[in-house]
Amino acid sequence: MDKWNLFQRFLITESSQISIVDFLINTGIVLILSLVLEFTYTRCAKSLSGRKTFAANFFLVAFTTMLIISIVKSSLALSLGLVGALSIVRFRSAIKEPEELAYLFLTISIGLGMGANQRLVTIVGAFVLLGIIWIRHFSTPKRSRQNLYLTVSGAGEGKPTLESVDEVVKNSFKASKLVRYDETSDNIETAFWIEIKNPDDLQNFKNKLTAVSSEVRVSFVDNNSF
């Protein structure tokens, strides 16, 4: 019983002091790496969704991860309690594309490394991976492209079906993704993220869609600023 009491006291009292100087240095490094990662993602990612909005969260995720690890590593009791605390946490935000998940894992890795005070390996590892991303970006043949938010709506007896609209979209654009679909007995409205090479693609798409149904309304909005 005495040994068990000693062990319990050890769990409660055993801790190490967090250096404020080290914490501030790590915060500065996390900020720099997050900004570089944000710039890399907005320039090199192939995602059709809003890249700027997603990338703006990189520093928050990395800093929060670093803060948790910095606090937890100072106490064995906190580290054991973290297991139970995280068991009730659920990440419910939808990850739209695998590329987003890869960048999110890289962001978390930066936070983990700096929280564990592994500065050199974290910095080297991050810049090596970012360098590979940029090399692949510049080695890939460049093409003019633009991301747009497309909405197609129709009403009346001549309204198009979802299947017909989706088929025309896939045949007209290199990349597309259905993000919203609403239909009632009187009207239909669909929304897509699309990627175009030149403005002529838009006119060709409208002509094809009009051939399917004349009761349609088409709208294009720039998606790069979302």
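**View 1. D182 is partly exposed, at 39% relative accessibility.** Partly exposed lies between buried (under 20% relative accessible area) and exposed (over 50%), with a 1.4 Å probe and protein chains only. This is a predicted model: local features need pLDDT of at least 70, side-chain atom pairs count only at pLDDT 80 or more, and totals for chains, interfaces and linings use all residues. Residues are numbered from 1 along each chain as its sequence is written, and side-chain values use heavy atoms, leaving out hydrogens and water.

**View 2. R180 forms salt bridges with D182 and with E189.** A salt bridge puts a side-chain nitrogen of Lys or Arg within 4 Å of a carboxyl oxygen of Asp or Glu. The N to O distance is 2.7 Å for D182 and R180. For E189 and R180 it is 2.9 Å. R180 is partly exposed at 30%, and E189 is partly exposed at 32%. Shared partners join R180, D182 and E189 into one network.

**View 3. R119 and D22 meet in a salt bridge of 3.1 Å, N to O.** R119 sits in helix α7 and D22 in helix α2, 97 residues apart. Helices are DSSP runs (H or I, at least four residues), numbered from the N terminus. R119 has a relative accessible area of 25%; D22 has 28%.

**View 4. The largest nonpolar core has 20 residues.** Such a core is a set of buried Ala, Val, Leu, Ile, Met, Phe, Trp, Tyr and Cys residues joined through side-chain atoms within 4.5 Å. Residues touching the most other members include Y41, F58 and Y103. Helix α2 gives the most, with seven residues.

Notes: Helix = DSSP H or I, 4+ residues; strand = E, 2+ residues; numbered from the N terminus.
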